[in-house]
Structure formats: C-alpha cells, structure tokens
Amino acid sequence: MRVRDIMTSPVFCVEPTQGIADAIQLMLERRISGLPVTTAQGELVGIVTEGDLLRRHELGTAGAHSWLKDLFLSPGRRAEDYVHTHGRKVANVMTEQPATIEPDARLSDAIDMMTVHHVRRLPVIENGRVIGILARADVLRALLPLAAEPPDATDDTVIREAVEASLERGLGASVRDLVKVETYRGAVILSGAVTDERLIPAAQVAAENTPGVTSVTNQLIVVGPFVGANVPAPPF
C-alpha cells in the first residue's frame, strides 16, 4: 500500500503570516489537529498542531522554569520560549522543517517515519508542493475494512491447513509442530504444550486471522523446557 492510496487530499493549509486564531478556527471547524504551513506558492515551511498551542500565556499554561533550568537557560532560548507562548502569528508557534513523505512511498516507510520522529501526521510533498497529508486517522480508516472478521468457509480440512500455515508463518515451524489444530465447521480447537506463555495468545491470533475460522478455543498449556532427567546412581 502506498501513501497516496490513503492520504487526505486536498489538504487545508495556513500561511505563516496568518494569526493563530485563524489556525485554531480552521482546526475546530474541520475537526483536524494539525495544519501544514505553506507560502502563497504552496511551499511547505512548517506545521502547526494542537500541541504547539497548549503552552500559552492567555491560558496561564506557559509554565515557569525551575531555578535550575533558569540557571542554564540562555537568553536566546528564553526569547524563543517567549515568542512561542506569546506570539500571535502562525510563524511564531509552528514547528519548522517538519518530517515529510512522498506520495509513492510505501505506507510502512511512513509509519516508520512517524515512529522515529514522534509525529501524528506527515505532509505529503510532490514537486515541492503539499498535495495531501497522512495522519494516524487515515491509517486507521484504511485498516478498518481489513480488520473485519475473516469470511466463513465450510471445508474443515482447508481451514485446518490454513491455520497450520498461519502458525508457521507467524511463529515458526517449531511452534506449529507443538500445536494440534482441530476444526469443525469453522470452529478451531488449539491444544498441545508450549514452552513460553506468550505463544498462547500468539497462536490464538494466528488462528483468528485465518480465513474461514469462526471461533477459536484455546486449550494450549505451558510446560517448562526439557533439561534432562535425574538418573539414580547404580548400587555397588
């Protein structure tokens, strides 16, 4: 799946010279939590989010520094903080140089970027212009139909083999060999003994994600790994 397949487009943007009230009003009206900041030519210069507007002197949330932090806070950094909490233009509060993604990038790459940069959304750039935005909500909308219950099936042999294949793909052949799979009209029973309790819910998930499975009864148990037996010494 590619970014362009699920991104939101067209995207609402604000310009850096606009007031923060304009950005707040647009976010509230459109029920969005972040806006790309672009020039009149559509060039991305930043992004403004709800998080950028939480620390404000009007709300009494600007916060005071501890004496220790004040001791090491440079005049320049203090000035930056003041502009961010008191500035009235989007340019004063936006995050500059935000992480971006291209429309033909893989969705997995976009998720990796969100994770690494700790962001909830990525502006989508093509030919130097913002053409969309990919937010976590877009990912969830794409996931919803894929996360629906697997379709029913009637061939229990096919279902059993599919569950065994799912176990092998997800957990490895050694785990598949430990788990006995029985099926009856789509109902699956898992039984056997595994050496790690984390394998029990993992096997359940593997079975539940198999097409044709209507229910899963998990009877797996945990046993300690075999380390050998004590053999009494022969009498002399």
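Predicted model: local features only at pLDDT ≥ 70, side-chain atom pairs only at ≥ 80, totals over all residues.

A: The chain has 10 helices and 8 strands. Of its contacts with a separation of 6 or more, 59% link residues 24 or more positions apart.

Now the core itself. The largest nonpolar core has 16 residues. Six of them touch the most other members: Val-163, Leu-167, Val-179, Val-181, Val-188 and Leu-190. H10 gives the most, with 4 residues. In soluble globular proteins, nonpolar side chains tend to be buried together.

Leaving out residues up to four places away in sequence, Val-188 touches Ile-159, Val-163, Val-181, Glu-182, Thr-183, Val-213, Ser-215, Val-216 and Thr-217.

Next, strand S6. Its covered face carries Val-179, Val-181 and Thr-183. Its uncovered face carries Lys-180, Glu-182 and Tyr-184. In a regular strand the side chains alternate between the two faces of the sheet. Two residues of the covered face, Val-179 and Val-181, are also among the core members that touch the most others.

S6 pairs with S7 in the antiparallel sense, over 6 bridges. Tyr-184 stands opposite Ala-187 in S7. The two strands form a hairpin with 2 residues between them. Arg-185, in the turn, has a positive phi of about 55°.

For context, turn to a sheet formed by other strands. Here 3 strands form an open sheet in the order S1-S2-S3, with antiparallel pairing. S1 (34–38) and S3 (95–96) stand at the edges, each with a single partner strand, so one side of each is left without a neighbour in the sheet. Strand S2 (residues 44–49) is joined to S3 by 2 bridges. Ile-47 has Thr-95 in S3 as its bridge partner. Helix H2 (residues 20–30) packs on this sheet and touches S1 and S2. The direction of H2 makes about 135° with that of S1.

Last, the surface. The chain exposes about 15,300 Å², and carbon and sulfur atoms supply 55% of it.

Note on methods. Residues numbered from 1 in each chain as written. Heavy atoms only, no water. Contact = heavy atoms within 4.5 Å. Areas by Shrake-Rupley, 256 points an atom, 1.4 Å probe, with all protein chains shown as cover. Pairing = 2+ DSSP bridges. Axes fitted to C-alpha atoms, helices over the stretch in contact; angles between N-to-C directions. Core = buried A, V, L, I, M, F, W, Y, C linked by side-chain atoms within 4.5 Å. Buried < 20%, exposed > 50% of the residue type's maximum accessible area, 1.4 Å probe, protein only.
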